[in-house]
Amino acid sequence: MNNTANKLLNWIEFPVLLAGLVIAGGLWGFEELMEVARDTTPHAFDTEIMLAFREAGQPDNPIGPLWLEGAMRDITSLGSAIVLGLITAAVIVYLLLIQKPGAAFLVFVAVAGGQALSSTLKLGIDRPRPDLVSHLADVATLSFPSGHAMLSAVTYLTLGSMASRFLPGRTTKIYVLALAVLTTLLVGISRVYLGVHWPSDVLAGWCAGFAWAMLCWLAAWAFQRWRGQPAGG
């Protein structure tokens, strides 16, 4: 019995356990936030945070200097479908050029699947955009979950985790993954600042995005382990 347990622990790497925890936590968090989104009236958590990004008594004026609004629009574009699509296409072509079709397929499935999942969840929850403050960016889709937050998590975490496997040294790997997480967080915050998403929309997008990215990574890890290949090959 002990030998079997030891073999299992040796086979399951720490990153796999961490990925499992992220998936479980993401699913739990999304389920809890889904109940908030289905309430007929906005939750105090949502309204208080959203109003904190506006001048007191002036829902049309965001806090901070004038340049900050422009900066937030620039940051939010990092999570747009066009920017993420261009980045994804560039990475897929590069991976094919260096003869890593498996990694290219993983990127495509992760990002395309994340986009399909995001659209399906939006239609399923059917939450309208917030009207508590003025919108500082153009929007046309439903609100929950935040597609920018979710797809940023999916794309940047997938690319970050893949890149970290080709980079030397633990410090470099941590830096790349931290940069991916930071970019994802900034995109989500920008959506609340611009007034186009409730904070719960963004949190749900992060939960779903992190869980989906880790699920794709876990599936790739299991497949490559089964084939006896290093991950990312």
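Mentor: We will start with the overall fold and then go through single residues, keeping in mind that this is a predicted model.

Trainee: Fine. How many helices and strands are there in the protein?

Mentor: The protein has nine helices and two strands.

Trainee: What pattern do they follow along the sequence?

Mentor: Reading along the sequence gives α-α-α-β-β-α-α-α-α-α-α.

Trainee: And what percentage of the residues is buried?

Mentor: Of the 233 residues in the protein, 42% are buried.

Trainee: Take residues 104-125. What is that span made of in the model, and how far apart are its ends?

Mentor: Residues 104-125 are 100% helix and 0% strand, with 32 Å between the end C-alpha atoms.

Trainee: And residues 174-196?

Mentor: That span is 87% helix and 0% strand, and its end C-alpha atoms lie 32 Å apart.

Trainee: New topic, salt bridges. How many are found in the whole structure?

Mentor: The search finds three salt bridges. One of them joins the side chains of Arg-127 and Asp-46, at 3.1 Å from N to O.

Trainee: Where do Arg-127 and Asp-46 sit?

Mentor: Arg-127 is in the loop between α6 and α7, while Asp-46 is in helix α3, residues 44-52, so the pair ties together parts that are 81 residues apart in sequence.

Trainee: Are those two buried or exposed?

Mentor: Arg-127 and Asp-46 are both buried.

Trainee: What else does Arg-127 form a salt bridge with?

Mentor: Arg-127 also forms one with Asp-201, where the closest N and O atoms are 2.7 Å apart. Asp-201 lies in helix α9, residues 199-227, and Arg-127 in the loop between α6 and α7, so this pair ties together parts that are 74 residues apart in sequence. Asp-201 is buried, as is Arg-127.

Trainee: So what do I call the three of them together?

Mentor: A network of salt bridges: it links Asp-46, Arg-127 and Asp-201.

Trainee: That leaves a salt bridge with Glu-69. Which residue is its partner?

Mentor: The partner of Glu-69 is Arg-73, and their closest N and O atoms are 2.7 Å apart.

Trainee: Why are Glu-69 and Arg-73 separated by about one helical turn?

Mentor: Because they are four residues apart in helix α4, residues 66-77. Glu-69 counts as buried because its relative accessible area is 16%, under the 20% cut-off. Arg-73 is partly exposed, at 36%.

Trainee: Now the surface. Which residues form the negative patch?

Mentor: The negative surface patch is formed by Glu-31, Glu-32, Glu-35 and Asp-39. Glu-31 belongs to helix α2, residues 14-37, and is partly exposed because its relative accessible area is 46%.

Trainee: What else is in helix α2?

Mentor: Leu-21 is found there, among others. Leu-21 is exposed, with a relative accessible area of 62%.

Trainee: How far is Leu-21 from Met-214, in sequence and in space?

Mentor: Leu-21 and Met-214 are 193 residues apart in sequence, and their C-alpha atoms are 9.4 Å apart in space.

Trainee: Last topic, the backbone. What should I expect in general?

Mentor: Most residues other than glycine have a negative phi, and most peptide bonds are trans.

Trainee: Which peptide bond is cis here?

Mentor: The bond joining Phe-144 and Pro-145 is cis, with omega about -10°. Pro-145 is in the loop between α6, residues 101-125, and α7, residues 147-166.

Trainee: And what is the phi of Gln-99?

Mentor: Gln-99 is not a glycine, but its phi is positive, about 60°. Gln-99 is in the loop between α5, residues 81-97, and α6. Its relative accessibility is 70%, so Gln-99 counts as exposed.

Trainee: What about Asp-126, what is its phi near?

Mentor: The phi of Asp-126 is near 55°, again a positive value in a residue other than glycine. Asp-126 is in the loop between α6 and α7 and is partly exposed, with a relative accessible area of 49%.

Technical notes: Residues numbered from 1 in each chain as written. Predicted model: local features only at pLDDT ≥ 70, side-chain atom pairs only at ≥ 80, totals over all residues. Heavy atoms only, no water. Patch = residues over 30% accessible without salt bridge, like charges linked within 9 Å, V, L, I, M, F, W, Y side chains within 5 Å. Areas by Shrake-Rupley, 256 points an atom, 1.4 Å probe, with all protein chains shown as cover. Salt bridge = Lys/Arg side-chain N within 4 Å of Asp/Glu carboxyl O. Lys, Arg positive; Asp, Glu negative; His and termini not counted. Charge placed at Lys NZ, Arg CZ, Asp CG, Glu CD. Buried < 20%, exposed > 50% of the residue type's maximum accessible area, 1.4 Å probe, protein only.
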